Amino acid sequence: MPKAAGIYARISNDPEDDRLGVTRQVADCEQLAESLGWPVADRFIDDDRSAWSGKPRPEYRRMLDGLREGRIDAVVTYHPDRLHRRPIELEEFVEVCKRAAVDDVAYVGGTLPVGQDDGLLVARILAAVASDSSAKTAKRIRRKNDERALAGLPVGGGFRPFGYRDDRLRLDPAEAALIRDAAARILAGESVRAIATEWGATGVLSPAGKPFSIQTLRRMLASPRLSGQREHRGEVVAKGAWEAILAPEQTAALQAIFAANRHARRRPTRRYFLTGILRCGRCDATLVSRPTATGVRRYVCATGPGFSGCGRLAINAEPIEAFIADAILLRLDTPALAAALATASAGPASADREALREDEDQLEELAREWASKRISLKEWRAAQEVIEARIEATRRRLSRLSRTAAIDPYVGHGSVLRAEWPEMSLNRQRSIADALLARVTVRPAVPGRTTFDPARIEPAWRV
């Protein structure tokens, strides 16, 4: 009899973000667990997540970790296709269950003893059927979307676009006026941040009922949709059937401004050693660099347009940077680090770089073939997916290599790095930190304590 069951619920599409579908699944699974006499120890819910696309399902991965670590010893789900729609994921699940000696998987309508031959056969058949069904559905959806795009029809599903009514064709006069005003101000040199802040202060909300972030506002203003152009798979393919808010030349000018701003921000001068590494211990947001009015360097949890933090945590930069630098130097002399790096197999970097260049060239050639109508859209997408998967895998390997190379000369020789550290550039110091640190959590300060408290700092090491 299981002692700690885990409930897994998933729904592929939740455009309203109301979680009603997964809530019903959880309720049915709880009732089933009670009837079986299985105590429920945890609930794993992936809302608005496909099991067929191959994209990460965070709660599903957490459930597997729970099985591996013995925190749960059974799984309850609404139907096997909530767990898997790809046979490869089923096989991984079965392997995890075998290693953890877990045999109990139940769903509303039956049980699935994956540790037994008959149960495994049924699970494989159900996963194959679900995979085939998903593939056929996806094919029909892609074809329908291609046809709608070429006909200039609007994208369906989800919330209506800002500036338009529910039919996605007629303008919402008030919202359209806001868009025209924002576009004119940006073309005149005003920042997106200033407009996002103003919209937030005056209560302008997106169709989802949320304030506009800088990124959301920039993305909306750059969209060809606002100038009556139908975009599909990153390309304008037809004139839209809806009313335009902006002129096409305005859209082109806005896109050029945003591209220039991205290029200007690409390599900023670094003055803060731990930018992007520190996390808020209250809300888990990334801390940003922000000096005080007197110029004291600080890291803060920021709130407001463009930021998702709670705004309730700050720490002076100098002491935490010195503390983390010392921790890095000590870490390099630990036997555990030397052993981890000795067993890591990275592969030949030169071959990976050459393979990456070849795949990128092939991707460009493929695009030219499709543009010249020598291959169909279906053939282009099939080849593109394979090439992009190879590119992503190669980039991941090279990323791991580059991180390791930064610390290779100093493993077991922390004293050497300690002597060189003060003369190193900030970018060089940061590359070493990136090789070792995944993140650093900063806990809230103890009330009344004004000096630096090392107990607030929790590093999470990569190796």
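Hi everyone, two quick notes before we start. The model is predicted, so local features need pLDDT of at least 70 and side-chain atom pairs count only at pLDDT 80 or more, while totals for chains, interfaces and linings use all residues. Residues are numbered from 1 along each chain as its sequence is written, and side-chain values use heavy atoms, with hydrogens and water left out.

Let me begin with the overall picture. Of the 463 residues, 35% are buried. Buried here means under 20% relative accessible area, exposed means over 50%, and partly exposed is in between, with a 1.4 Å probe and protein chains only. If we take contacts between residues at least 6 apart in sequence, 62% of them join residues at least 24 apart; a contact means heavy atoms within 4.5 Å.

Now to the sheet. Please find the open sheet of 3 strands, ordered S8-S12-S13, with mixed pairing. Two strands pair if DSSP finds at least two bridges between them. At the edges sit S8 (278-280) and S13 (457-461), each pairing on one side only. Neighbouring strands in this sheet are turned by 25° against each other on average, direction ignored. S8 runs parallel to S12 (residues 437-442), with 3 bridges between them, and Cys-280 stands opposite Val-442 in S12. Helix H10 (residues 317-331) packs on this sheet and touches S8, S12 and S13, its direction making about 40° with that of S13. Axes are lines fitted to C-alpha atoms, for helices over the stretch in contact, and angles run from 0 to 180 degrees between N-to-C directions.

While we are in S12, have a look at Thr-441, which lies in that strand. Is Thr-441 buried or exposed? Its relative accessibility is 10%, so Thr-441 counts as buried. Beyond neighbours within four places in sequence, Thr-441 is in contact with Arg-279, Gly-281, Arg-456, Ile-457 and Glu-458.

Next, the nonpolar cores. A nonpolar core is a set of buried Ala, Val, Leu, Ile, Met, Phe, Trp, Tyr and Cys residues joined through side-chain atoms within 4.5 Å. The largest one has 33 residues, and those touching the most other members are Tyr-299, Ile-320, Ile-324 and Ile-328. Two or more residues come from each of S8, H10, helix H15 (426-436) and S12. Which element gives the largest share of this core? That is H10, with 6 residues. Take Ile-320 as an example: leaving aside neighbours within four places, Ile-320 is in contact with Leu-274, Leu-278, Tyr-299, Ile-315, Val-442, Phe-452 and Ile-457. There is also a second, separate core of 25 residues, with Ala-176, Ala-183, Val-192 and Ala-196 among them.

The axes of H7 (residues 192-202) and H8 (residues 214-222) come within 9 Å and cross at roughly 110°. The two helices are therefore roughly perpendicular to each other; on this scale, under 35 degrees is roughly parallel, over 145 roughly antiparallel, 65 to 115 roughly perpendicular and the rest oblique. From H7, the contact is made by Val-192, Arg-193, Ile-195, Ala-196 and Trp-199, and from H8 by Ile-214, Leu-217, Arg-218 and Met-220.

A strand pair comes next. S6 (residues 229-232) and S7 (residues 235-239) run antiparallel, joined by 4 bridges. Arg-230 has Ala-238 in S7 as its bridge partner. Arg-230 and His-232 form the covered face of S6, whereas Gln-229 and Glu-231 form the uncovered one.

I'll finish with some loop residues. Ala-101, in the loop between H4 (87-99) and S4 (105-107), has a positive phi of about 55° although it is not a glycine. Ala-101 is exposed, at 70% relative accessible area. Arg-168, in the loop between H5 (117-150) and H6 (173-187), also has a positive phi, near 65°, but Arg-168 counts as buried at 13% relative accessibility. Phe-159 is found in the loop between H5 and H6 and counts as partly exposed at 35%.
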